[in-house]
Amino acid sequence: FFSSRRRHTRYGTVTGVQTLCSSDLTISLRQALASSSNTAALRLGRRVGLDSVVQKARDLGITSPLQPVPGLVLGQSEVTLLELTAAYRAVANDGLWQAPSTIRKLTDGENCPAKKEESRCRTPTAQGRVTPTAARKVMSQATARTMQDLLRTVVSSGTGTAAYVHA
């Protein structure tokens, strides 16, 4: 729902979300996200609908309890770090969500040579990676890339500048 065009989504019709405005303030979505504008977040939540916000969170793998109340868009609900990381991963992965996994143990050929340990050692693919779980599409590639660009702005010139790594 980050388009300035009128779009029909399964959450309803969204128009002109690119700019959020009131009688005395106009702010672009990019500026709102970069500056962590609570007012803009509340307006956007109201515009797209809080039930839609909860549904998008569910699509992104958030299973923690969420209530469709205004404070939701300000971060009042607790989610796990694993849920949040998986949701951001979907954005970085061009809209494809995969179940998160954790690293419990690092092994190599020396740590896992015995047959009794093989069940605990993952089998790498030909490229040396562990076979991932099946992905599901949770947003369009275009939306994910727009989100990536917006999030880069947060880090390069917004409230996240302390995390900026110069490439």
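The model is predicted, so local features need pLDDT of at least 70 and side-chain atom pairs count only at pLDDT 80 or more, while totals for chains, interfaces and linings use all residues. Residues are numbered from 1 along each chain as its sequence is written, and side-chain values use heavy atoms, with hydrogens and water left out.

User: Which element has the highest mean pLDDT?
Analyst: Quick reminder: pLDDT is the predictor's confidence in each residue, from 0 to 100. The protein averages 80, and 69% of the residues score at least 70. Elements here are DSSP runs numbered from the N terminus, helices being H or I with at least four residues and strands E with at least two. Strand β2 (residues 12-14) sits lowest at 39, and the top mean, 98, belongs to helix α3 (residues 50-59).

User: How many residues apart are Arg-30 and Asp-149, the pair in a salt bridge?
Analyst: A salt bridge puts a side-chain nitrogen of Lys or Arg within 4 Å of a carboxyl oxygen of Asp or Glu, and this pair has 2.6 Å, N to O. Arg-30 lies in helix α1 (residues 29-34) and Asp-149 in helix α6 (residues 141-157), so the link joins distant parts of the chain, with a separation of 119 residues.

User: Are Asp-59 and Lys-56 buried or exposed?
Analyst: Their side chains meet in a salt bridge at 3.9 Å, N to O. They are 3 residues apart in helix α3, so about one helical turn separates them. Buried means under 20% relative accessible area, exposed over 50%, and partly exposed in between (1.4 Å probe, protein chains only). By that scale, both Asp-59 and Lys-56 are buried.

User: What is the relative accessible area of Arg-145?
Analyst: Arg-145 forms a salt bridge with Asp-94 (2.9 Å, N to O). Asp-94 is in the loop between α4 (81-92) and β5 (96-97), while Arg-145 is in helix α6, 51 residues apart. Asp-94 counts as partly exposed at 24%; Arg-145 is partly exposed too, at 44%.
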